[in-house]
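Please look at the structure below before reading on.

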Amino acid sequence: MGKHILVGVTAGIAAYKIAELVRYFKKLEAEVKVVMTPASCDFITPLTLSTLSQNPVAVDLYDSKTGEWTNHVELALWADVMIIAPLTANTLAKMVSGQSDNLLLTTFLSAKCPVIVAPAMDLDMYQHPSTKRNLEQLEKDGVTVIPADYGFLASGLVGHGRMQEPQQIGAFVCDFLASSDEFQGVKVLITAGPTYERIDPVRFIGNHSSGKMGFEIAKAFLNKGAEVILVTGPTKMVLHHPNLHRVDVMTAEEMLGEVQKVWQQCRIGVFSAAVADYRPRNTAEQKIKKNAEEMQLELVKNPDILKWAGSVKKQQYLVGFALETSDAEAYGKSKIESKNLNAIIVNSLEDAGAGFGHNTNKIKIIDKSNKIYSFELKTKQQVALDIVDFIRENYEI
Ligand code: CTP
């Protein structure tokens, strides 16, 4: 990643979780520096955070032994982003009123980079009109707020005020760093998830697709300014964004119907859905009873949605997926031809960590000229960024 992330820590009990946040960024190969308020050192030691960040931790405005001044301006300019977590009501109030009685505050006031905060406080403090007013003002000043979560609080109470978990904060900051307007004004159609083909009112034929890959691709496009139509089969995935239009479907035929309504308005299509190849010829209207010793289910072929999109494609860039158990490259290449694609993303079940049920994926992208781009095993979030970067470099050619 190579980005410079400045983590600011203030004196809330959630400060103990910041060790994990620093680890999260380091694992992504970010450069991390930490600035702490003096009071926060009672909750987590600078030694812990300097060890994890592999950088000295800044706490004091000057070194009392040498009398040397700590250069907060330099620290602020170094950062690509500053994340203050946890943010206490006290530091929040000082940030809003421009006070600068510690190094964290002087650094904040000198920061030219985007600043993100993750508040953490007891529920009454979080709900207090002054806190609400201060958070509103902070947002007006251009600071991004990751709202506190609902849950168990250090006071023993349960309510809003709990800092988001380090994983969530880390992912938010990474999304933020990846955001841009590269796809401003570009409409993208994405299919995701499995399809469920009805046998009777309570049964279906489905598959293990979680939808995660498609949703991560949608998120990556949205973060780069695209307008996204996401046609998805049944999934637990959640995604909110003002430029997202989500259409939920169940079967392959329903998915085809929704895709046919919108494909011609779109510039780019990424079809990641694990569409069932077959569906029962007939759907029973009533639940099928287990009277017979044997039963046969007659299946008929589902429409190939991607193939349809390829067959009517004009000046559009169309990408398909292929999940193969053998000869992944050869099958991938033949699908580019048969479905009239611009590129195909191939993942082979021969690779450990790839495919259904994993948080990771290992892909190859094959383009129309049969050029193969190989990628390492990565999280699906990072794979999505690779895919979107590849499309950005190629869709206008
Ligand atoms: N796909 C689709 N509609 C279908 C089947 C597949 O849109 N009915 C899309 C998938 O979303 C994926 C690509 O086609 O992008 C590859 O699907 P896959 O099942 O691997 O390919 P098939 O052409 O079905 O080939 P095979 O079953 O021989 O592997």
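The model is predicted, so local features need pLDDT of at least 70 and side-chain atom pairs count only at pLDDT 80 or more, while totals for chains, interfaces and linings use all residues. Residues are numbered from 1 along each chain as its sequence is written, and side-chain values use heavy atoms, with hydrogens and water left out. Helices (H or I, at least four residues) and strands (E, at least two) are DSSP runs, numbered from the N terminus.

**H4 and H7**

- The axes of helix H4 (residues 89-97) and helix H7 (residues 129-140) come within 9 Å and cross at roughly 50°; axes are lines fitted to C-alpha atoms, for helices over the stretch in contact, and angles run from 0 to 180 degrees between N-to-C directions.
- The crossing of H4 and H7 is left-handed, a term used if the near helix is turned anticlockwise from the far one by less than a right angle, with right-handed used if clockwise.
- Leu92, Ala93, Met95 and Val96 of H4 are in contact (heavy atoms within 4.5 Å) with Thr131, Asn134, Leu135, Gln137 and Leu138 of H7.
- The residues of this contact of H4 with H7 comprise 6 nonpolar, 3 polar and no charged; Ala, Val, Leu, Ile, Met, Phe, Trp, Tyr, Cys and Pro count as nonpolar, Asp, Glu, Lys and Arg as charged, and the others, Gly among them, as polar.

**H1 and H8**

- H1 and H8 have axes that come within 9 Å and cross at roughly 40°, and are therefore oblique to each other.
- The crossing of H1 and H8 is right-handed.
- From H1, Glu20, Leu21, Tyr24 and Phe25 meet Pro166, Gln167, Ile169, Gly170, Ala171, Val173 and Cys174 of H8.
- In the contact of H1 with H8 there are 8 nonpolar, 2 polar and 1 charged residues.

**Largest pocket**

- The largest pocket has a volume of about 1,500 Å³. On a 1 Å grid over the protein atoms alone, a pocket is an open set of points with protein on both sides within 12 Å along at least five of seven lines, a cavity is a set where a 1.4 Å probe fits but cannot get out, and lining residues have an atom within 4 Å of a point. Grid points are joined across faces, edges and corners, and a volume is the space filled by probe spheres set on the points.
- Its lining has 41 residues, and Tyr24, Ala171, Cys174, Asp175 and Gln381 lie nearest the centre of the pocket.
- Helix H1 (18-27), helix H8 (166-178), H9, strand S21 (378-379) and H13 each give two or more residues to this lining, with the largest share, 11 residues, coming from H8.

**Largest cavity**

- There is 1 cavity of 30 Å³ or more, and the largest cavity holds about 50 Å³ of space.
- Asp175, Glu216, Lys219, Ala220, Asn223, Gln381, Ala384 and Leu385 line the largest cavity.
- The largest share of this lining, 4 residues, comes from H9.

**Backbone**

- Ala85 and Pro86 are joined by a cis peptide bond, with omega near -10°, and Pro86 lies in strand S3 (residues 81-87).
- Glu29, in the loop between H1 and strand S2 (31-36), has a positive phi near 65° and is a residue other than glycine.

Definitions and conventions. Parallel < 35°, antiparallel > 145°, perpendicular 65-115°, else oblique.
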